[in-house]
Amino acid sequence: MFFIPGPVIAMLTFPGVIVHEAGHLFFCKLFKLQVYDVCFFRFGNPAGYVLHEKTDDFNKSFFVSMGPFFANTLLCVVFCTAAFLPVWELKVNDPLAYFFYWLGLSIGMHAFPSTTDLSNLWAVAPVRAKQGNLLALISLPLIALLYVLNFGRVIWADLGYGIAVGILGPIAIFRAFARA
Amino acid sequence: MRQGTCCECGLTTTIRSFHSFTGKTYCEPCLWKASQQASEKGEPSEYISLLDNSVCARCGSSSGDTEDYPTIGRLPLCPTCASQVTNWPYPTWLKASLAVLLALLAVALVHGRRYFHAGRSMYQGERLVEQQKYEAAIPYLREALQVAPGSDKAALLEAKAALKVGDVEEAQKTLKGHNGGHFEDEQDPRFLEVRGLWERALQAVDKAERASKLAEQPGQSAEAARLMHEAASVYPEASGLAISADLLDEGAAFERKDYDAFVAVTQKEWKERPGPDTAASLASALACKYATTGNADYRQQSEEMLRKADQMTQGNIQAMKSFEEYAERIHYRLVSREIIDKPEYDRRFRQTSQRK
């Protein structure tokens, strides 16, 4: 196991941080929540943030907190898919393909929501689930899983997630494509 | 800015430094004590920070002591900040980056069309290999290799397919032409499988070459046939080796004048691969039986097979030419009941005719 300081990782994968924060901002705007401050990237911890109004609506909280997870995952699949064949399967030295793979992995690596976001959701999800909120009920296992994975960042769980999505996603797409 | 006073210590300063707890105003140190005491007694210990509504919570600008800023999301905000927080704009650089990224993605998709095509061919080839349709897989994999000659996967799949249909030459071309025969992961099961197949094929080719050389020497056809059978059993995927072994069996049977065996081998060949060559071979074997026994049934059967071979060669000039040469000798055998091999036949009849 080797240690690389967080700011260095953030710098190497800065597009992922920007996309993550842009995702938070997008969902805040979508749900008309006030945004007090936004930092898309900085050399510090956290590398980016969005300070926004709190809401009692679980659905809004869920999408504002988890939106970047879905958006980053989707964009990771899109960019890695554009580069997957030349980089992994065909072994063609195409700089544009490598650029997209880096971009895709950087975005995928920053998909995990922050521990604070997950804690906030975890605090209200069981209550809302008992009140019959279906999204809260469905999201409980996902929140729990991401909470655990978030701790796994020290052992590169975030990078592992990015790689898994960036490889398995395109493989699934191309397998289906080949069978079509 | 508005002032406040702590209910415990009497400190007076700006109201933003105070907190409200159980309806009373506390400074920070007194709040901690009061909150802790309440907590120890099991009473609620929640508090809220006091806001000065004449001061913008975001930029700190003051509206003057007489006027409050409107609150948005519980916070007092000046008009500029209020407009910003209710409709936070996406920065121009972010929008520009997104546009550039989308343009690049479009370029990548257009530029990558040939990769998608090659990838699709490779996956189709892979699927056909998995279904053991090796012959059908080769054109797809060849197409993939044209775009991606460096792909280990495509090269190994193509080599495997070629080796599975007995095309050693094609496999050799692919394997040697791939990064000078170098593969990234030599422990990859796909690589190990192809290596196993390749080694078997080389062993078989070596035996087949030795068998061919022996077959050219007089009296060695039995040994040549044995070696060729070994080659065929080492590498059964190459059906050509089994055919060669059968042909050598024919030669060996003819050489030792074992015409029953000659008939048996040629009958087997005719049954397995009906064609002009096998029909003519069976006609030849039956003619030998007629020559040695005088049994007219053999002659009739031989002539019947010659007719079949003749019909099968129609339209194929090369095959017709070869058949004519062969048929001439078989006819001679049937007419004279004398069994002579080709060199002897050529010596007796063809050199003379050439001289004429």
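**Where the chains meet.** I started with the contact between the two chains, keeping in mind that this is a predicted model. I found 22 residues of chain A in contact with 27 residues of chain B. Which elements of chain A each supply at least two residues to the side that touches chain B? My list reads helix 2 (14-30), strand 1 (35-39), helix 3 (58-89), helix 4 (95-109) and helix 7 (157-179). Next I sorted the residues on that side of chain A by kind: 16 are nonpolar, five are charged and one is polar.

**Chain A as a whole.** I then stepped back to look at chain A on its own. I noted seven helices and two strands. Walking from the N terminus, I read the order as α-α-β-β-α-α-α-α-α. Chain A has 180 residues, and 44% of them are buried. I also looked up how far apart in the sequence the contacting residues sit. Taking the contacts in chain A with a separation of 6 or more, I got 70% from residues 24 or more positions apart.

**The sheet in chain B.** Over in chain B I went looking for strands. Three of them form an open sheet in the order 4-3-5, with antiparallel pairing. Which strands are at the edges? They are strand 4 (24-26) and strand 5 (48-49) of chain B, and each pairs on one side only. Strand 3 (residues 19-21) of chain B joins strand 5 of chain B through two bridges, in the antiparallel sense. I picked out one facing pair here: B:Ser20 is opposite B:Ile48 of strand 5. I also saw that helix 1 (residues 28-40) of chain B packs on this sheet, where it touches strand 3 and strand 4 of chain B. Its direction is at about 20° to that of strand 3 of chain B.

**Helix 9 of chain B.** My last stop was helix 9 (residues 221-234) of chain B, which has 14 residues. I checked its span from first C-alpha to last: 20 Å, close to the 20 Å expected at 1.5 Å a residue. Which of its residues are buried? I wrote down B:Ser221, B:Ala224, B:Ala225, B:Leu227, B:Met228, B:Ala231 and B:Ala232. The spacing rule is handy to jot down: an α-helix has 3.6 residues a turn, so residues three or four places apart point the same way. What do the buried residues of helix 9 of chain B pack against? I found helix 8 (189-215) and helix 10 (239-255) of chain B.

Methods:
Residues numbered from 1 in each chain as written. Chains lettered and ligands numbered in written order. Predicted model: local features only at pLDDT ≥ 70, side-chain atom pairs only at ≥ 80, totals over all residues. Helix = DSSP H or I, 4+ residues; strand = E, 2+ residues; numbered from the N terminus. Expected span 1.5 Å × (residues − 1). Buried ≥ 20, exposed ≤ 12 C-beta atoms within 10 Å, placed from the backbone. Contact = placed C-beta atoms within 7 Å. Pairing = 2+ DSSP bridges. Axes fitted to C-alpha atoms, helices over the stretch in contact; angles between N-to-C directions. Nonpolar A, V, L, I, M, F, W, Y, C, P; charged D, E, K, R; others polar.
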